[in-house]
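Biologist: I would like to learn how to read a model like this one. Can we go feature by feature?

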Amino acid sequence: MPIYISNVQQQFDSFHQDAELFYVLEGSMEITMGDYHTHLKYEDIFVVNSNRGYSYKASKDVLFVKISIPYQIISSIVKSTDVVFLCDSTRDENHQYDVLRRLFKNLLNRYYSVRDRENDFGYKALCYQVLDILSTHFLLRITDQGSTDDRERFDDRIVQINNYIHANYNHPISSKDLADKLHLSQSYLSRFFKKTYGMSFTEYLTNIRLYHAMDDLLYTNTPITRIAFDNGFANIAALTKVFKDSYGETPSSMRKNQKNKAQGAEPADNSPVVKQRLENYLRSSGEEQELIPENNDQTENCSVAASQPLVGFWGDTINIGAASDLLKSEVRDHIIMLKELLGFRYVRFWNIFSEEMFIQPTVETDDYNFSKLDAIIDFLLEHELKPYIELGLKPKRLYRDVQNAIIEERHNIYHIEVPAYRKVISAMMRHFHNRYRRSELNTWRMELWFHEDQWGKKGAAERYFERFEVIYETVKQYADHLEVGGCGLRIGFSDIESQTLPFLRQWSEQNCPPDFISVLYYPYERGEVNQDRYSRRSSDNEGMMHKVAVMREIMGKAGMSRTKLYITEWNLTVSDRNYINDTCFKGAYIVKNIIDNYGQLDLLAYFFGSDRVSEYFDSRGLLHGGSGLISKDGILKPAGYAFRFLSWLYNYFVVKGKNFIVTTDGHDSYAIVCHNQKALNYNYYLTREDEIPKDSIWKYFEDQESLHLNLQLKDVKNGKYQVKTYQINEKIGSPIHFWAEMGFETELSRKDIAYLQRVCGPRLTIRTEQASEHTLPIVCNMKANEFCFIRVRKLS
């Protein structure tokens, strides 16, 4: 991979067939690609994709590395001409950026220490490691593209343009030929090119021709005159002109220097100042870098002298589904189980204005039928549960993966005029007040969703605020303490500030600001420009923690720092056919994220409760990859046990660490939840979510190493303590493991199901430990993706 070290402060419009990675060593720089701008600072990383025009401006003290990522190598490996990287460290805190930074430093050290890099295995190995990280964690594949009609039309047009130009670049072609081929006007095509490629058709075609000519020049002995004709140039003079404009020398001069260039004897920008600055950077970074060896023995000293009330933000609310789902007896049975086993208090549901609920705001009437809604709320109250009502019309969805829906039915609340909306909300609240009374209503929650398809549309925010004000004012007339919030925006994407901050600032200035901000977190990433409506799975294992911190910062800037932050929908995946949902990894993942985000959230609602809601024709087996906490047959999955273990924590928080949280009852008893969650590896991110085989999940984790967790509880009373440990791992309590032992049989009897309900639970071990010198050792050995609950009680 060609590497250039530079302190050049400005570059005007440039175009390259290969992708180009920028890594800032000192100073700062701003890169512009059409309407997209990114400001890079110290150790920021950004990739300009193939065939994209760009320019940059940098500070006077800038020093940066530019690495050319070979288009042909990546294209041949992924077997696609559509090579797009989503790599911008200014908008994403993926821990893989740190991996890249370490690789770059090693690569730069090798770059200067070895002269014959073409034949140096160490240098080549580092180059391939960089390509491996980029292609595994930052490469957007064609299967990651969204499936909306607009996106498909845009993609089809890009493919047609690229195919036509790459097939005909060596012939005389014009924009009129391409416009006729695509049945477009020449003026429209010209605008499309400028907006999409950042340059004109002629400039793009010339760059493609120049790219292929450079290949022939460097890697063949073909005469230069022949190279010009073979690559679509009218004559050698035309080739020489564009060549000099781009590279500052003639083709013949470039060919003469081919050997030295290929060997890379010196860096491209080899001024003594640049070289000295790079050496200083490498020296200082080498002194700062600490090489920490892998160590699976983790010892933590934890003082239990001080405690504070535990904030159980994770065990308050569970998502169930559309209101009509709560009318089904099998779903109700699972709601009761969730309440009894896991202690949830609120049940969140939506689409109360759907046809199945017999409430039609668009129909002129003064006599609404709330009987089905009453049946739902009566059921909840009967079982000491509270309704959390999402008043928006959310799409009914069932996904194989993020691109492919099994079912997707969209609704549009914005076709309901405000007077009609006010009328139905007033009638509903009046009905609730008469039936349930104010004291009961004051314990409920309501919110209004703002569909992200509305972002950026003229007047969409104002329409939302108008409807929210109708809800807020009406609800508060009947129940002044009932919490009303919104708007259900997704925070998983990299750039959440550009639209979110203006929206929240505008909302904070309205007559009725929300009681809480509701957000959704699914770890997917959007593309770099507006046309790139991709959804790539994020490989950031601390993604939620990073996005919550960003959201808190945005709320502070918007004047909403004191407003509650609720994540009302959260999961690793939107897929309901992903067998990772049925593994003990999912339980460890839940425990990890709740520990990571302790103290940062006011509410975290898992999506969703029961696999019954995600059943379809293809869900015949015991498990089907549904994201519920309970299988369709009533088996509590490892994800469910994660919440159960967390519900057993005591009421006072003591301390937390990377892999554990410690609580106390204030009377010499302690409850601990810990985990050994493993990050997902490249196999997972390169496999469609619905194609992960249920019999070889182990292949999708970075490693299978155990963790020896040694907690030293300090400041305890001396004496004997009883230690009870409940374990869930791949062979203990995992229904997918026991189902595998049955050969994944689909025709299971009622006795078979009853057996699985009995054995799919944690293993309990009991031992005694002696506390001396006011220190109690608690040792927990956990296998990969194991999670545990430990209860410690003083005996004497």
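Modeller: Start with Lys592. Its relative accessible area is 5%. Buried means under 20%, so Lys592 is buried. Keep in mind that the model is predicted.

Biologist: Which side chain meets Lys592 in a salt bridge?

Modeller: The general idea comes before the case. Side chains of opposite charge can pair when their charged atoms come close. Here the side chain of Lys592 meets that of Glu542, at 2.9 Å from N to O. Lys592 belongs to helix 20 (residues 584–596), while Glu542 lies in the loop between strand 22 (536–537) and helix 19 (543–557).

Biologist: How many salt bridges does the structure hold?

Modeller: The structure holds 38. Take Arg435 and Asp374, whose side chains meet at 3.7 Å, N to O. This pair links distant parts of the chain. Arg435 is in helix 15 (residues 418–436) and Asp374 in helix 14 (residues 371–382), 61 residues apart.

Biologist: Is Asp374 buried or exposed?

Modeller: Asp374 counts as buried, at 7% relative accessibility. Arg435 is partly exposed, with a relative accessible area of 42%.

Biologist: And a case between two loops?

Modeller: Look at Asp668 and Lys717. Their closest N and O atoms are 3.3 Å apart, and they form a salt bridge. Asp668 lies in the loop between strand 26 (660–664) and strand 27 (669–675). Lys717 lies in the loop between strand 28 (707–714) and strand 29 (719–728). Parts 49 residues apart in sequence are therefore tied together by this pair. Asp668 is partly exposed at 21% relative accessibility. Lys717 is partly exposed too, at 48%.

Biologist: Which residues are linked in a network of salt bridges?

Modeller: Asp316, Arg345, Arg445, Glu483 and Lys564 are linked in one. Arg445 also takes us to strand 18, where it points the way Glu447 and Trp449 do. Met446 and Leu448 point the other way.

Biologist: Which strands pair with strand 18?

Modeller: Strand 15 (residues 386–390) pairs with strand 18 in the parallel sense, over 3 bridges. Tyr388 stands opposite Arg445 there. Strand 19 (residues 483–490) also pairs with strand 18 in the parallel sense, over 5 bridges. In that pairing, Trp449 stands opposite Cys487. From strand 18 the chain crosses through helix 17 (residues 460–478) to strand 19, a right-handed β-α-β crossover.

Biologist: Now the rings. How many aromatic pairs are there?

Modeller: A pair of aromatic rings is described by the distance of the centres and the angle of the planes. The count comes to 49 aromatic pairs. One of them joins Phe468 and Tyr472, with 5.8 Å centre to centre and 35° between the planes, a tilted pair. Both residues are buried. They are 4 residues apart in helix 17, so about one helical turn separates them.

Biologist: Which residues do ring pairs link into a cluster?

Modeller: The cluster holds Phe344, Trp570, Phe585, Tyr589, Tyr606, Phe643 and Phe701.

Biologist: Where does the charged end of Lys394 sit?

Modeller: It sits over the ring of Trp350, 5.8 Å from the ring centre. In another case, Arg537 lies over the face of Tyr684, 5.0 Å from the ring centre.

Biologist: Let us finish with contacts. Where is Phe503, and what does it touch?

Modeller: Phe503 lies in helix 18 (residues 497–508). At 3% relative accessibility, Phe503 counts as buried. Beyond neighbours within four places in sequence, Phe503 is in contact with Phe450, Trp455, Ala461, Tyr464, Phe465 and Cys487. Ala558 is 55 residues from Phe503 in sequence, yet their C-alpha atoms are 8.6 Å apart.

Biologist: Is Ser614 buried or exposed?

Modeller: Ser614 is buried, because its relative accessible area is 0%. Its place is in the loop between strand 24 (603–606) and helix 21 (638–647). Leaving out neighbours within four places in sequence, the contacts of Ser614 are Leu398, Asp576, Arg577, Phe608, His624 and Gly626.

Terms used: Residues numbered from 1 in each chain as written. Predicted model: local features only at pLDDT ≥ 70, side-chain atom pairs only at ≥ 80, totals over all residues. Heavy atoms only, no water. Buried < 20%, exposed > 50% of the residue type's maximum accessible area, 1.4 Å probe, protein only. Pairing = 2+ DSSP bridges. Right-handed = clockwise from strand over helix to strand, strands pointing away. Phe/Tyr/Trp six-rings, centres within 6.5 Å; stacked < 30°, edge-to-face > 60°. Lys NZ or Arg CZ within 6 Å of the ring centre and 35° of its normal. Contact = heavy atoms within 4.5 Å. Salt bridge = Lys/Arg side-chain N within 4 Å of Asp/Glu carboxyl O.
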